[in-house]
Amino acid sequence: MQDKSTANVNRGPSTGAIEIIVAALLIGFGVVVMWDSARIGAGWASDGPRAGYFPFYIGSIIAAASAVTLAQAIAGARRRDKKHTAVFVTLPKLRLVLSVLIPTAVFVLVIPFLGIYVPAAIFICLFMWRLGGYPFRKSIPVALGMPIVSFVTFEKWFLVPLPKGPLEAMLGY
Amino acid sequence: MSELAALFQGFAVVLDPFNLLLICVGITLGVLIGVLPGLGGANGVAILLPLTFSMSPTSAIIMLSCIYWGALFGGAITSILFNIPGEPWSVATTFDGYPMAQQGQAGEALTAAFTSSFFGAFVAVIMITFVAPLVANFALQFGPPEFFAVQFLAFASFIGMGRGSPFKIITSMMIGFALAAVGIDTVTGQLRLTFGSIEMLRGFEFLVAVIGLFGIGEILLTMEEGLAFKGKSATINLKVVVQTWKILPRYWITSIRSSLIGCWMGVTPAGATPASFMSYGVAKRFSRNGERFGTGQIEGVVAPETAAHAAGTAALLPMITLGIPGSPTAAVLLSGLLIWGLQPGPLLFVEQPDFVWGLIASMYIGNIFGLIIVLTTVPFFAAILRVPFSIIAPIILVICAIGAYTVNNAAFDITLMLIFGVVGYVFKKLDYPLAPLVLALVLGDMAESSFRQAMLLSQGSVSIFWSNALVGTIFGLGVLMLFWPLIQWAWGRVRVAKPA
C-alpha cells in the first residue's frame with residue numbers, strides 16, 4: 001500500500017520558487033531603504049553627503065542586484081534548469097526544521113513575560129520528550145539542571161543578569 | 001630587533017597565572033564550541049564576548065582568541081570522526097580524514113590534523129610577529145581616503161574572488177551595510193531606518209546577527225539531516241601520536257606550501273575556507289600519491305588543516321593593523337575591541353603595545369597549550385557528540401538565546417536572533433554568502449565615516465581617491481576586483497568566439 005509518507009518524501013517547494021520569492025522580498029527591502037533615506041535627505045549638502053546618501057545608494061544596489069537575481073531565477077525556472085527545479089526542502093525535512101523552529105519561537109516570545117529560566121526548563125523538557133522520546137523522569141532532571149547551572153554561572157559568577165519572571169520575583173530575586 | 005623585544009614584553013604579560021588559566025579555559029571552551037553544531041567559531045566567540053566585560057581588555061582578548069584557536073582545532077574532530085565538518089574550513093579535512101577513520105586510523109588522522117594545525121598557526125604567528133609592525137608603521141601614513149580605499153578593496157575582493165553569483169554576493173554585502181546604517185547617524189545625529197521604533201534606535205547589534213545567522217541558522221540546517229550522530233571511535237595514546245609524528249616530517253614541503261597558501265589567503269577577506277580547499281587541490285596535484293587522495297591519505301589531512309589554521313591566524317593581522325577583519329570570527333573579535341574602547345588600526349601598536357604584544361604572545365602559547373589539550377581530550381569530546389541531539393539541541397538554543405540577550409540586556413535581541421536564524425537558513429540554502437554580510441555589518445559604520453571624512457577633507461570632491469599614488473593604487477585594485485567577474489565573463493566569451 002503506498003502511504004502518503006513515501007509519496008511526500010521527495011516533494012517540496014522548488015528552489016526556483018523560493019529564489020523568486022526571496023529576490024522579490026529583497027527588492028522590496030531595497031525600495032524601503034531607499035524610501036526612508038530619501039525622506040531624511042539623500043543628496044549632497046555643502047560639506048559632504050547628507051545622512052541618507054549612503055543608505056539610499058545601498059538600497060538601490062540591493063534592489064538592482066536582486067532584480068538581476070530575480071530575472072535569472074525566472075529565466076532558470078522557465079528553462080527548467082536543474083538547479084531551479086531541485087527541491088528546496090522536502091516536506092519531511094521541513095517538518096523536522098519546523099519542529100525545532102516553532103518551539104524555539106514560542107520559547108523566545110515567552111521570555112519577556114516569564115524570564116528565561118522557567119521557559120528554558122519547559123523548553124528542554126518538552127523537546128527531549130517530544131523529539132527524543134525520553135520519559136519525564138529522565139528529561140526533568142536535565143531540564144531543571146540547565147537553568148540552575150546557568151543561573152549560578154551567569155548571575156552569581158559572571159554577574160551578568162538574565163531576564164527573570166514572576167517565579168524568580170517570588171523567590172526574592 | 002625591536003619586534004623581539006616587544007614580543008618578550010608580551011610574553012611577560014601573558015605568563016601571568018590568571019592569563020594562563022584563561023588560556024586553558026579558553027581553549028577547552030573553544031574545542032567544545034568547535035565540536036558542537038550551531039556553536040561555530042564566530043558564534044561561540046560572539047556568545048562568550050559579553051562574559052568578558054568584567055575582565056581587562058588584554059585578558060579578555062587572550063581568552064577570546066584562545067577560544068578561537070580551540071574552535072579551529074575542534075572542527076577537525078567532527079570532520080574526521082563523524083564526517084561532519086564542524087566549521088566551513090574543515091570540509092576539506094573530511095575528504096581524507098573520514099576515510100582514514102573508517103580504516104581504523106582515526107588516531108593517526110587526528111594527530112596529523114592537530115599537529116598540522118599547530119604548524120600552520122605557528123608559521124602564521126611568526127609572520128604576524130614580524131610583518132604586523134611593518135604594516136602598522138606603513139598604515140600610520142593612512143588618512144581617511146586611504147582607509148576607505150582599503151575597506152573598498154576588502155569588500156571588492158569578496159566580489160572578485162568569490163564563487164557563485166556576484167549579484168548575490170553584492171546583495172548580501174549591501175544588506176549588511178543597510179543593517180549597519182540603522183539607528184542614529186553618528187555625523188548628523190539623525191535617525192535612519194528606525195521607522196519610529198525605540199528598539200530599532202540601538203541599531204542592529206552585530207553579535208546578535210552573528211549568533212542568529214551562524215548559530216540558529218546552522219542548527220536549522222543540521223535538523224534537516226535528522227537527529228542522529230553516528231561516529232567512529234578513536235583512541236589516541238602516546239604510541240599512536242609518536243608513530244604519526246615520525247611519518248609527518250615526510251610531508252614538510254606540503255606543510256610549508258600549505259602554510260604559505262593559508263597565510264596569503266587569510267590576510268585577504270577570502271579567509272580560511274578557500275585556503276583549505278586550494279591547499280588540498282594543490283597538494284593533490286603535486287603529491288606523489290595524488291591519485292590516492294580521497295581514500296585516506298594522511299597528506300590529504302595535512303594540507304587543508306595546515307592551510308586553514310594558517311589562514312585563521314593570519315586573519316588577525318589585518319584586524320589589528322588596519323582594523324579590517326579577515327574572517328567572520330576576526331570580525332567578532334574586532335567588535336570586541338570596539339566595545340572595549342580600543343581603536344583597531346596602526347595606532348593600536350603605538351598606544352597599546354601591551355595589548356597587542358600580549359595578544360601576539362598568547363597566540364604562541366595558546367597554540368602549544370592547544371595542541372596538548374586537544375591531543376589529550378579527544379575521547380571526551382567525541383563522547384559529547386554521542387549525547388543525543390534531542391538533548392543537545394535545546395541546550396544549545398538556550399545558550400544562544402542567553403548569548404543574544406547578554407549583549408545589550410534586551411529581550412528584543414533574542415527575537416532578532418531568531419529572525420536572523422531563519423534568514424541564515426534560507427540564505428545558506430540559496431547560496432547567498434554570509435561572510436560579506438557580517439563583515440559589512442561590522443565595518444559599515446567605519447567605512448561610511450571614512451568616506452564622509454574623506455569628503456570633508458576634499459570639500460565634496462570624489463577625486464581625492466586618486467589624488468596620490470597610494471590611494472590611487474589601492475582604489476584602482478579595488479575597482480579591478482569589483483569588475484573581475486565581468487572581465488572573466490567577457491574573456492570567456494571572447495575565447496569561445498574564436499575557433500581554436
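Reply:
**From the two chains to one residue**

Chain A contains 8 helices and 2 strands, where a helix is a DSSP run of H or I of at least four residues and a strand a run of E of at least two, both numbered from the N terminus. This is a predicted model, in which local features need pLDDT of at least 70 and side-chain atom pairs count only at pLDDT 80 or more, while totals for chains, interfaces and linings use all residues. Residues are numbered from 1 along each chain as its sequence is written, and chains are lettered from A and ligands numbered from 1 in the order in which they are written.

Along its sequence, chain A runs α-α-β-β-α-α-α-α-α-α.

Chain B has 21 helices and 2 strands. Its radius of gyration, taken over C-alpha atoms, is 22 Å, close to the 23 Å that the globule rule (2.2 Å times the number of residues to the power 0.38) gives for 500 residues, so chain B is as compact as a globular protein of that length. Buried residues account for 63% of the 500 residues in chain B.

B:I27 counts as buried because it has 29 C-beta neighbours inside 10 Å. Setting aside neighbours within four places in sequence, B:I27 is in contact (C-beta atoms, placed from the backbone, within 7 Å) with B:C66, B:W69, B:G70, B:G366, B:F369, B:G370 and B:I373. B:R192, by comparison, is 165 residues from B:I27 in sequence and 40 Å away in space, C-alpha to C-alpha.

As for the surroundings, the contact between the chains takes 49 residues from chain B and 53 residues from chain A. On the side of chain B that touches chain A, at least two residues each come from α8 (166-181), α9 (206-224), α18 (389-408), α19 (411-429) and α20 (435-458) of chain B, and α18(B) provides the largest share, 11 residues. By class, that side of chain B has 31 nonpolar, 11 polar and 7 charged residues, with Ala, Val, Leu, Ile, Met, Phe, Trp, Tyr, Cys and Pro counted as nonpolar, Asp, Glu, Lys and Arg as charged, and the others, Gly among them, as polar.

How values were computed:
Contact = placed C-beta atoms within 7 Å. Buried ≥ 20, exposed ≤ 12 C-beta atoms within 10 Å, placed from the backbone.
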